[in-house]
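Dear colleague,

I am passing on the structure below, followed by some notes on what was found in it. Please read them alongside the model when you have a moment.

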Amino acid sequence: MAPRVRLTAEARRAQILHSAIEVIAEEGYGAATFARIARHAGLSSSGLISYHFAEKADLMRAVVTAVFGMAYDAIRPRMDAQHSPSAVLREFILASVEFYAAHPHATAALTAVRGNLRRPDGRPEFGPEIHEPELAELAGYLHDAQRAGEMVAFDTRVVAVSLRAALDGAALEMSRPGHPDPAHYGRELVRLFAAATGRQTEETCPP
């Protein structure tokens, strides 16, 4: 019999988060009990989860943080490699859609937690304000593109909010069986926002 491998605390935590994401995505938020997640992870006891997370709400908050971290690691390097504000925005759209297609369970788990986790007063734990830092950053890139002459004048907040809503729709599209090709879907979104912001689509996203 092979010796048992003892995971580090960090590796165990990552294992628990992965299983939590899978259980939420496959069976729903209500099914994501410590006992069910422990079985999925192959743990001998749910107490191994309690060691890292005091209660379900703590684990669900960690799931949200983990999914946002996954998205950041996949998308940010592609944005940082660009050399103009409009190119950064283009890559943000393309990389976001590709992330949704590559990680449908993570996206589904994030949506489920945001829709179900409540504060003691009944308000959502993660309301619309969760996107405020991202919206501010997008508005900044849009403003920089305007100043650089890459885009026409418009309300950057309105366009940033519209882009976020369009990407939320893309996440839903990428989660369904037989979803559209993410590269094609992303290019079409780029063209849509290029037209709305005054850029030539051929310059923004070649076929």
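Of the 207 residues in the protein, 43% are buried, where buried means under 20% relative accessible area with a 1.4 Å probe and protein chains only. This is a predicted model, in which local features need pLDDT of at least 70 and side-chain atom pairs count only at pLDDT 80 or more, while totals for chains, interfaces and linings use all residues. Residues are numbered from 1 along each chain as its sequence is written, and side-chain values use heavy atoms, with hydrogens and water left out.

The secondary structure comprises 10 helices and 0 strands, helices being DSSP runs of H or I with at least four residues and strands runs of E with at least two, numbered from the N terminus. Along its principal axes, the C-alpha trace spans about 65 × 45 × 30 Å.

The largest pocket holds about 750 Å³ of space, a pocket being, on a 1 Å grid over the protein atoms alone, an open set of points where a 1.4 Å probe fits, with protein on both sides within 12 Å along at least five of seven lines, and its lining residues having an atom within 4 Å of a point. Its lining counts 29 residues, of which Phe68, Tyr100, His131, Glu134 and Arg164 lie nearest the centre. At least two lining residues come from each of α4 (56-80), α5 (85-102), α6 (104-116), α7 (132-147) and α8 (156-175).

With best wishes

Terms used: Grid points are joined across faces, edges and corners, and a volume is the space filled by probe spheres set on the points. Buried means under 20% relative accessible area, exposed over 50%, partly exposed in between (1.4 Å probe, protein chains only).
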